[in-house]
Amino acid sequence: KPLDRALDTRPEVRAGKIAIVDLGQDRRGDILVAAPFSSPDANRSASDTLYCFSPQGKLRWRHIFDSSFRFGGHEYGSPWDANPPVVISDGAKLSIWAAAIETFWSPSTLTEFDADGHQLAQFVNWGHIMVLNHVRNASGSYILAGGISNQCDCAMLAVLNEEDASGSSPAQDPAYACENCPQGKPVRYILFPRSELTQLSGATYNKLRLINADGAHVWVGVSETYDTEVPGSDWIKYELTEDFVPKSFTVSDHFWTFHRQMEAEGKIHHTVEQCPERTQPRRVQVWSPEDGWKQITVPASTER
């Protein structure tokens with residue numbers, strides 16, 4: 001019996017945990033399941049386990065998310081809640097990437113496996129990873145991981161070299177530095193500032209919820225208010241250069257509709273036309289191995 005514990009049957013926990021995938025010749029139709037298990041405490045879940053089954057239901061391998069990491073002298077670990085796995089095939093190389101978030105606290109992990117379940121790399125982020133994508137350009141092959149950074153309560157993007165993805169998120173403050181994570185850092189780590197509407201709407205964070213990679217062209221969508229849709233109605237879109245630096249931004253139409261609503265309620269005391277979000281560049285924090293942390297100025301896009 002492959003599943004030797006009781007599953008958590010709550011619908012909100014089960015949703016989106018299964019992927020039918022092509023793992024190469026003779027492995028088409030394999031099934032990856034991020035299985036959520038129940039806990040002796042009826043109101044909690046145990047750590048998820050990633051299973052790989054053949055189309056006939058034979059267990060090929062499993063991975064239990066049970067790591068623990070230390071930030072600021074505190075230990076963080078189980079239970080882990082796994083996101084749906086993503087399979088990337090780039091020529092002869094095939095890899096499986098699975099993000100998992102620490103259920104109650106800030107850390108998240110992104111783990112790479114081969115088709116046989118061997119762990120190849122692990123990246124640890126102080127904040128939850130919510131979305132993944134992959135891009136190849138003239139300089140190499142990269143994994144793009146987006147979500148939240150809890151060191152600034154803001155949206156983040158980590159750009160990882162696919163051939164050397166292990167490591168942890170760079171810290172602006174020693175309290176946010178991982179003390180026992182794998183060695184290594186991302187190629188780029190970008191923090192996107194919260195907008196005026198994020199703060200006035202009561203949202204704790206803005207969140208990077210969408211990554212579009214069309215060839216070497218990459219743009220990301222940051223949700224600025226509470227919205228269950230992706231990227232939501234109140235978003236800011238950032239275009240990136242080929243070396244993954246934000247070069248321009250665009251704001252959604254509904255962002256300004258919501259702005260006018262806030263004006264009418266007396267929560268904003270300037271018009272859309274006067275709004276700094278419309279008239280001023282945005283200031284984005286970018287970390288790189290070469291330069292460390294730098295603040296860059298990102299202008300509004302001249303295109304729609």
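This is a predicted model: local features need pLDDT of at least 70, side-chain atom pairs count only at pLDDT 80 or more; totals for chains, interfaces and linings use all residues.
Two strands pair if DSSP finds at least two bridges between them.

Let me begin with the whole chain. The secondary structure comes to four helices and 22 strands. There are 304 residues in the protein chain, and buried residues make up 49% of them. The chain exposes about 14,300 Å². Now contacts along the chain. Take those between residues at least 6 apart in sequence: 49% of them join residues at least 24 apart.

On to the sheet. In what order do β17, β18, β19 and β20 line up? The order is β17-β18-β19-β20, four strands in an open sheet, and the pairing is antiparallel. β17, residues 207-214, and β20, residues 246-251, stand at the edges. Each has a single partner strand, so one side of each is left without a neighbour in the sheet. From one strand to the next, the twist averages 20°.

Strand β18 covers residues 217-223, and strand β19 covers residues 235-240. They pair in the antiparallel sense over six bridges. V218 stands opposite L240 in β19. V222 has I236 of β19 as its bridge partner. For anyone following side chains here, a general point: in a regular strand the side chains alternate between the two faces of the sheet.

Next, β19 with β20. That pairing is antiparallel too, over five bridges. K237 has T250 in β20 as its bridge partner. The two strands form a hairpin with five residues between them. F244 is in that turn, with a positive phi of about 65°.

N137 is found in strand β12, residues 129-137. Is N137 buried or exposed? N137 is buried, with a relative accessible area of 10%. The cut-off for buried is under 20%. Setting aside residues up to four places away in sequence, N137 touches Y142, A216, E242 and F244. With E242 there is also a polar atom pair: a polar atom of the N137 side chain lies 3.1 Å from the backbone oxygen of E242.

Now an aspartate in a loop. D114 lies between β10, residues 107-113, and β11, residues 119-126. Its relative accessible area is 19%, so D114 counts as buried, the cut-off being under 20%. Which backbone nitrogens does the D114 side chain reach? The nitrogen of D116 lies 2.9 Å from a polar atom of that side chain. The backbone nitrogen of H118 also lies 2.9 Å from a polar atom of the D114 side chain. Leaving aside neighbours within four places in sequence, D114 is in contact with W61, L94, I96 and L120.

Last topic, the cysteines. How many disulfides are there? The count comes to two. As a reminder, a disulfide is a covalent bond between the sulfur atoms of two cysteines.

Take C152 and C154. A disulfide joins them, S to S 1.8 Å. The link is left-handed, with -65° about the S-S bond. C152 counts as partly exposed, at 23% relative accessibility. C154 counts as buried, at 4%.

Then C178 and C181. Their sulfur atoms are 1.9 Å apart, and they form a disulfide. This link is right-handed, with 85° about the S-S bond. C178 is buried, with a relative accessible area of 17%. C181 also counts as buried, at 10% relative accessibility.

Number the bonded cysteines in sequence order and the pairing reads 1-2, 3-4.

Two further cysteines to look up. C52 counts as buried, at 0% relative accessibility. C275 is buried as well, with a relative accessible area of 0%.

Start at the hairpin of β19 and β20, with F244 in the turn. Go to N137 and its contacts, F244 among them. Finish at D114, in the loop between β10 and β11. Thanks, that's me done.

Note on methods: Residues are numbered from 1 along each chain as its sequence is written. Side-chain values use heavy atoms; hydrogens and water are left out. A disulfide is a pair of cysteine sulfur atoms within 2.5 Å. Buried means under 20% relative accessible area, exposed over 50%, partly exposed in between (1.4 Å probe, protein chains only). A polar contact is a pair of N or O atoms within 3.5 Å; within protein, one must be able to donate a hydrogen and the other to accept it, and residues adjacent in sequence count only if both atoms are side-chain atoms. Contact means heavy atoms within 4.5 Å. Axes are lines fitted to C-alpha atoms, for helices over the stretch in contact, and angles run from 0 to 180 degrees between N-to-C directions. Accessible areas come from the Shrake-Rupley method with a 1.4 Å probe; for residues, only the protein chains shown count as cover.
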